Amino acid sequence: MASLEILKYPDAALKKVSLPIKTISGEIVRLIEDMVATMHAAPGVGLAAPQVGVLQRIIVIDLDYEDPGKNLIKLVNPEILHAEGEVVWEEGCLSVVDFTAEVKRAERVEVVGLDDKEKEVRIDADGLLSVALQHEIDHLDGKLFIDRISRLKRDLYTRRLKKMLRTGKTRPESPRLMI
Ligand code: NI
């Protein structure tokens with residue numbers, strides 16, 4: 001397993017729509033393992049393939065970063081079948097340096113996809129898992145959580161980011177928020 005480089009906003013790859021996977025080849029299985037290793041090393045609780053520069057529809061989620069692997073979710077071609085309710089959650093992202101914000105999303109989602117053995121997986125989620133699934137599936141559609149906040153807040157962040165990149169100063173975030 002290798003740890004991959006995580007692309008950071010405003011990298012252009014993060015804005016692209018990822019393609020569905022037709023066959024889960026050995027190469028894809030290895031990529032999924034590398035994504036899991038990368039997420040755990042970050043540390044974060046979710047990662048989508050475009051964040052490591054691969055424009056294919058794969059996400060991994062492991063909310064229990066203190067006991068990694070126990071509740072690991074690997075999903076290929078995930079789709080939201082049903083969404084309901086509304087919840088506001090503070091989100092961060094491994095691709096968005098030094099920023100978290102409250103984002104409004106569906107409270108509950110039903111998601112279907114394939115695992116790394118091409119077996120169908122259905123997940124009924126609420127709470128952080130629901131938020132993480134929506135956040136990661138957004139990545140596959142070229143969307144970041146900062147696309148879901150007000151333009152004013154996004155502009156403030158973009159300006160602060162430019163300054164941070166100039167001075168090289170960033171603050172570490174809580175891994176729990178890093179989806
Ligand atoms: Ni993210």
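Let me start with the metal. The nickel site is irregular, with angles of 74 to 138° among the 4 donor atoms. Irregular needs a definition. For reference, ideal angles at a metal are 109.5 degrees for four tetrahedral donors, and 90 or 180 degrees for six octahedral ones.

A word on the model. It is predicted: local features need pLDDT of at least 70, side-chain atom pairs count only at pLDDT 80 or more, and totals for chains, interfaces and linings use all residues. Numbering runs from 1 along each chain as its sequence is written, and side-chain values use heavy atoms, leaving out hydrogens and water.

Which residues hold the nickel ion? The protein donors are Cys-93 through SG, His-135 and His-139 through NE2, and Ile-179 through O, at 2.1 to 2.6 Å. Donors here are N, O and S atoms within 2.8 Å of the metal (3.2 Å for Na, K and Ca); water is not among the atoms, so sites may look incomplete. The sequence spacing of the donor residues reads C-x41-H-x3-H-x39-I. Helices (H or I, at least four residues) and strands (E, at least two) are DSSP runs, numbered from the N terminus.

Buried or exposed, these two? Cys-93 is buried, at 0% relative accessibility. His-139 is buried too, at 2%. Buried means under 20% relative accessible area, exposed over 50%, and partly exposed in between, with a 1.4 Å probe and protein chains only.

Next, the sheet. It is open, with 5 strands in the order β1-β2-β3-β6-β7, and the pairing is antiparallel. The edges are β1 and β7 (120–125), each pairing on one side only. From one strand to the next, the twist averages 35°. Strands pair if DSSP finds at least two bridges between them. β1 and β2 (residues 58–61) share 3 bridges, in the antiparallel sense. Ala-48 has Ile-59 in β2 as its bridge partner.

Now the helices. α1 lies across β1, β2 and β3, at about 40° to β2. α2 lies across β1, β2, β3, β6 (108–114) and β7, at about 155° to β2. Axes are lines fitted to C-alpha atoms, for helices over the stretch in contact, and angles run from 0 to 180 degrees between N-to-C directions. Contact means heavy atoms within 4.5 Å.

Take Ile-80, in strand β3. Ile-80 is partly exposed, at 37% relative accessibility. Beyond four places away in sequence, Ile-80 touches Val-109, Glu-110, Val-111, Gln-134 and Ile-137. Ile-80 and Val-111 sit 31 residues apart in sequence, yet 4.5 Å apart in space, C-alpha to C-alpha.

Last, the backbone. Most residues other than glycine have a negative phi, and most peptide bonds are trans. Where are the exceptions? Asn-77, in strand β3 (residues 73–84), has a positive phi near 50°. Asp-98, in strand β5 (residues 96–105), has a positive phi of about 55°. Asn-77 is buried at 18%, and Asp-98 is buried at 5%. A cis peptide bond joins Tyr-9 and Pro-10, with omega about 10°. Another cis bond joins Ala-42 and Pro-43, with omega about -10°. Pro-10 sits in the segment before α1 (26–41), and Pro-43 in the loop between α1 and β1 (46–48).

Conventions: Tetrahedral: all angles 85-135°; square planar, octahedral: opposite > 155°, others 65-115°.
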